[in-house]
Every structure is written in C-alpha cells, then in structure tokens.
Amino acid sequence: MLKIKNLHVSVEDQEILKGLDLEIGPGELHAVMGPNGSGKSTLGYTLAGREDYEITSGSIEFDGEDLGEMEPDERAAAGLFLAFQYPVEIPGVNNAYFLRAALNAQRKARGESEVDGVEFLKMVRESLKGLDMDESLLKRAVNEGFSGGEKKRNEITQMAVLQPRLAILDETDSGLDIDALKLVAEGINRLRDGQRSFLVITHYQRLLDYLSPDHVHVLSDGQIVESGGPELAHRLEEQGYAHLERASA
Amino acid sequence: MSALAQTLMPEAQACADDYEATRKVGLQRLMQHGFPDQKTEAWKYTPLRVLEQRETQTEPRTMGEPAALPAWPVAGTLLHFDHGILQCDPGELAEGLTLMPADPKALEQRDFDALYGGREGAFSWLNLARFDHAWHLQVSGEHTVIMATTTTDAFSADVHPRIRIEVLPGARLTLLQDQTDAGQGLVNMNCEIDVAEGAQVEHVLCCKNHESVWVQRTDVDIHKAAEYRVVAFDRGGRLTRHDLTMRLREGTAHGEIDGLVVMDGHQHVDWHTEIVHCTGHTNSREAFRMLAGGTSVGVFNGRIHIFPDADDSHSDLNTANLLLSDQARVNIKPELEIYSEEVTASHGATIGQLDDRSLFYMRSRGLSEAESLALLKYGFAAEPLMQIQTPAIRDWALEQLKEAL
C-alpha cells in the first residue's frame, strides 16, 4: 500500500529525513518510535503533503501513485488521513459542518454521491460510540475550546467518519490520561478490518499495548535504524533511546 | 473655495421652503470649515480624490424608473430612498408608524455644532445644507421597517437623504437598512435614531456599494432601560465612509455594535464609530471585523468615550482584521477616552493573515484550497452576523456572506 524509498526531506533548508525506507502493507499496523527531533512528525506531515516539507530525493508510492505529486486534498481523497499531534482550532467553523464538507469533498473527488444530513448524522453518532465524546462538541467550532483529550478524540471521530485506507496517527497518545488513552485505542482498533492500514507515531510503548502493532520501527536522525515486532517497543521502554544517540554520535 | 466645494455647493441649490434657515446654517458652517483633507485626523486615511475627480450633477435627482428592489427575508414597511428621494406614501403606513416632514423649528433649534464639529463633519454640514426633504418617522408598538437606498446606472448626481427615526417608549423596532448603488454619484445620508425609555431596536445595516461614493452618518440616542443593537454588514464600495455614534443618555441604557466589512479589488471603506457613555450605569459592547483582499483599503476608528461621573459604566471594544492579499491595507485605531474612575473599559485589536496551519489542516481532510480558504474566511467573518437576533435576517445575511466569499 505505502512504499517509501530513500526519502530525503528538508524543512527550511534543513534536512530532517535522511534516506528513510518503509513499506506498509494492507491491514498492517506499523509503529514508529524515536527520540525528540528524530523526524517522526516530519514523516507524518510529508506524507500528508504539508507545504514547505520539501522532498529532495527518494519516492513515496501510495497504491502505486506518486504521493509527492498529489495535493493534500487529493491525498485525503485517495484515502490518506493524518491525525495531528496538535489539532488546529478553527474559530467560526462548525465541527459537524466541517466534517460533512470534508467527507463530501472526498466522495465527490472519488466520483461517489454526497452524503445528506440525516445519513451523516447517523455516521457520526456511530463513530462517537465508545469515544465518550459529548455530541454537543459537534455543534461547536472545530477544536475551539476543546480540552487536549477532546481534540484527540475529535481526530479519531474524523478518522472514523472519513474511513481512510491509511491512517497516520502522530502522537495521538500525548496528553491523554490512562482512561482516554484506552478509549482512543479502542476507537482505532474498531477501525482495523484487515484492509485499513495504520502508521502510529509515538514516544511510548503504552499505546502499543492496546494496539498490538505488526511492526515497530525506530527512527533516529532521519532514518529507520531498527525494525522488529512488538518486543522492540518493550525493549525501548526499558532501555530508552540513549544508545541510539550514542551510536549516531 | 476648493474644487469639491464648488461642485457640491452651487448656490443655485438653495431651496426656498421652511428649512431655509437650517440649510443656511449648514452652508455657513461648510464654508467656514471646508472639506477635510489628509491633515484632518478623522479623514487621514480616506482621501477624497475620487470625489474631487468627478463632476456630479445636481439635476435631475430622479432617473426614470426606480431601481429594482431585492427580496428581503422579512415582511415589513418599506421606506425606499431612490436616488435620495423617499418613495413612500405616508398615509399607507401600518398603524403605529407615522411618517412626516421634520419640524423645521425643531431643526433650527438643534445644536448641530456640538453634533458635527468642524471640518471632520463636513459631509454632515453638507447634508444639512443640501437635503431635499427631512423626514421624521415615529414608531410605537412592534414593527419591522425596511429602509432601502438605491440608485441606477444613470445616477451621477449628489443626493443628501435625511431621516430621523423616533422609537417611542416601550416600542420595538427591527430596522433592516439595505443600501446598494449603481452609477457614479454621491449619496450622503444622515440618519438619526432616538430610542426612548424601555424601547428596543435591532438595526441591521447591509451595504453593497459599487462606483458611487457613499457617506453615511448615523447618530443614535439611547435612553433609560432602552436597548439598541446594530449589526453592520458592509461589502465595500469604491469609496464609502460611515460615522456611527451611539450615545447612552440615561442609566441602564444598553448599546451594541457588531460590524463586518468584506472588501476586495480597489475598494475603500472607512468606519468611524463612537460609543459615548453620557451617564453612569450604562453598558456597551463593540466587535468589528474587516477582511481586506485585492488592493482594498479599510479604516476602522472605534472610540469609547466615558463622561465624568458616568460611574458603573462598562464597555468593551474589540476589532480583528484579516489581510487576504499582500496589497490590501487596514488602518485600525481603537480609542478609549475615560473621565470617570469607577468604570470598566477594554479594547483589543489584531491584524493578521489566514493561518497556514489551519489551511493545511482543512486540506488534509479533503477540502480543496479554494474550499478551505472560503471556509476559513467564513469562519472569521460569520461571527458578527451571528449576533443578528432575527433568525430570518441572520440566515439571509449569512447566505449573502457565502456569496461574497
């Protein structure tokens, strides 16, 4: 589904990703861990198409298409979703209206019929189940005045409604208490259907305890330096990242 | 005499009627003070070159068929100023509405010097010198009034409509003022609104101007336990200037101003607002937003003035502005002038651009760049219009906003 080969990415002329290789197959859940500044969020933003994240060399293929040539909204319509580490507040834009507009924009781009208000409400209510999220948040402006946990749950709600084929979760666990973390993990697990793929970016192993990743990768200084199974996350939890920093020094 | 004065003050325009003495005062003051230039603080950012370069005609003021009127979202009594002339039969108004010529003696006794000041009030003096008719509308009971001001393509005159709206004690008025123009003239309007004890006024002012020059002055007096709320939705014009002054005359008076200006191209929009707390135990609030695209220029001067001994007055002024292009400009000046100690008054002003992070967030969810920009602008702009309390007018204004964006 996703093939990243020798990816080099610069932000404001500073190279952040320095030859990253990664392949994610259908239905797989990959976790990317690594210390601060290793390039984890840069990877997420690059995949989603953020401006100023310049691919200087290498390639990203998503279902055989060159992702680098696609606009952010085209990537979304193709089935890519980024749950932001810091979801943006958009004053004045109704949360439900925004989500429905996004859903219909994607459907339109794919040549599918638009979803009417009644059908949309049904979809949202279904998506809210289990997230312990107050429906009234849908009537408020996007993320405005939401707590940290509510913002993260709103991201998961969006993901559930938009039904992406590949979801990138950028430190979705940061700022969540134990109960909220569990709810968010359950929300992610409900979307695992053997076809949908996930790239989970995290610092900690605790989210992965709930998600059972197929593969765990360690990102350090812009490259994946180690890959393994869930046991790798446990080892990193015990040992930390200091040995990686020593190695790169 | 300046070219502008020569154009706008031909002596032949003097009308011999009951208002002659009032017009004479207006003309004298205008001759005395002259028209503002960029050394005049209140007109510093609004040059009058556009007007100076035009030769407006003084006759005829009516241009055949009146301009077509749009459909409004509410039913109400229509006061239609077509090319500055009120097209209305006073005898056909709903019960509780009385339209009559203003009392000439009352006009003569008004202290217009205190109201209009010097050169900065030149267009108010011009209105006083040049109005055709001065109207007086009295409102009792509960009413919706639609006050439309229009011109047609052939319009190249200068007109000076004048009306005083007196909302009697306990009355409720919804005033939808809708202005649009065609042609290349000057509309210089003067509107006074008096909100008597216990009365309530919701005033929605929608302007969509083009090549004509529009100058409007609105003076509002709010009395005991009365409420006045205005929402202005201005979609710009070649050159427009609004002076809105709200005076809280007696204790427990309450006033609110919400404003939205959406401008583009080479439009120039200037709003000067003033909230005057003449006495204590009065409350006011103002929030004003501008979106400036193209090479447009916006001016917002918001002033809160609290008199001595006006204790227990509360006022808040906030303005937020969005520049949508590198060439657009907005000039913002919030002012507090407070002479009483036991008050709360605050102001805030921001000028910014659309947030790249928000734009990316929306696009990452599937919205195109154009859709995302429109939604971001709408999100910023809708808030003042959400303050409209009549749902049908609010929805109508929000639809117009969507079209404008």
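Modeller: Let us begin with contact, which means heavy atoms within 4.5 Å. Helices (H or I, at least four residues) are DSSP runs, numbered from the N terminus. This is a predicted model, in which local features need pLDDT of at least 70, side-chain atom pairs count only at pLDDT 80 or more, and totals for chains, interfaces and linings use all residues. Residues are numbered from 1 along each chain as its sequence is written, chains are lettered from A in the order in which they are written, and side-chain values use heavy atoms, with hydrogens and water left out.

Colleague: Which residues of H2(B) meet H6(B)?

Modeller: Among those in H2(B) are Val25(B), Leu27(B) and Leu30(B), and they meet residues of H6(B) including Trp125(B) and Leu126(B).

Colleague: What makes Arg365(B) and Glu155(A) a salt bridge?

Modeller: A salt bridge requires a side-chain nitrogen of Lys or Arg within 4 Å of a carboxyl oxygen of Asp or Glu. The side chains of Arg365(B) and Glu155(A) meet at 2.7 Å, N to O, and therefore the name applies. Between chain B and chain A the count is three salt bridges.

Colleague: Which helix gives the most to the side of chain B that touches chain A?

Modeller: That is H7(B), with seven residues.

Colleague: How many residues are in contact between the two chains?

Modeller: In chain B, 17 residues are in contact with 32 residues of chain A.

Colleague: What is the area buried between chain B and chain A?

Modeller: Buried area is the accessible area (1.4 Å probe) that two parts lose on being put together, summed over both. Here the value is about 1,900 Å², and carbon and sulfur atoms give 65% of it. In chain B, Phe360(B), Tyr361(B) and Arg365(B) lose the most area to chain A, together 41% of what that side buries.

Methods:
Helices (H or I, at least four residues) and strands (E, at least two) are DSSP runs, numbered from the N terminus.
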